[in-house]
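Work through the exercises below with the sequence and the model side by side. Each task is followed by a solution in steps.

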Amino acid sequence: VLSLFGVHCLVLVPLVEVIIKPIAHRLRPDTIHHHSYSFPSGHTCSATFMSGAFLFVLLPALLEVLAAQSSTARRIAAHWPRQAQLATWLLWSGATGLGRVLADAHWCTDTVAGGLLGSALLASTTQLIASAAEEAQD
């Protein structure tokens, strides 16, 4: 079931980007060093998707497995606040987007769109995994 995250990261995220960029046909701020279209930011989309997959799905699953084996992991799992996950995710995604803007590779709206696209793909993949896990239990 968790392999869906890998498939979505390696196939769906780049596929959506390849479809949208030629439709938007938006040039980058620096056309001398960057020769492809700008909208949406694929780096920000991927960072948002992958960091969310790690923080909200893979890390809790890993802590759950480790908690069964170790009292230290059990304490970490019990005290890992949801707010810390969300703050780390937003910081990771925002830093990637800011880096792309500062590198003159994207406009600010490109990175916002990339973050929103990555969030939407993360939400849909998480929902698919939850549904598949529910069916597997039945």
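**Exercise 1: the chain as a whole**

Of the 138 residues of the protein chain, 32% count as buried, where buried means under 20% relative accessible area, exposed over 50% and partly exposed in between (1.4 Å probe, protein chains only). The model is predicted: local features need pLDDT of at least 70, side-chain atom pairs count only at pLDDT 80 or more, and totals for chains, interfaces and linings use all residues. Residues are numbered from 1 along each chain as its sequence is written, and side-chain values use heavy atoms, with hydrogens and water left out.

Task: state how many helices and strands the protein chain has.

Solution. Step 1: take helices (H or I, at least four residues) and strands (E, at least two) as DSSP runs, numbered from the N terminus. Step 2: the count gives five helices and zero strands. Step 3: the order from the N terminus is therefore written α-α-α-α-α.

**Exercise 2: the salt bridge**

Task: locate the salt bridge and say whether D110 is buried or exposed.

Solution. Step 1: a salt bridge needs a side-chain nitrogen of Lys or Arg within 4 Å of a carboxyl oxygen of Asp or Glu. Step 2: a search of the whole structure finds one. Step 3: the side chains of D110 and R26 form this bridge, at 3.0 Å from N to O. Step 4: D110 lies in helix α5 and R26 in the loop between α1 and α2, so the pair links distant parts of the chain, 84 residues apart. Step 5: D110 counts as buried because its relative accessibility is 0%, whereas R26, at 28%, counts as partly exposed.
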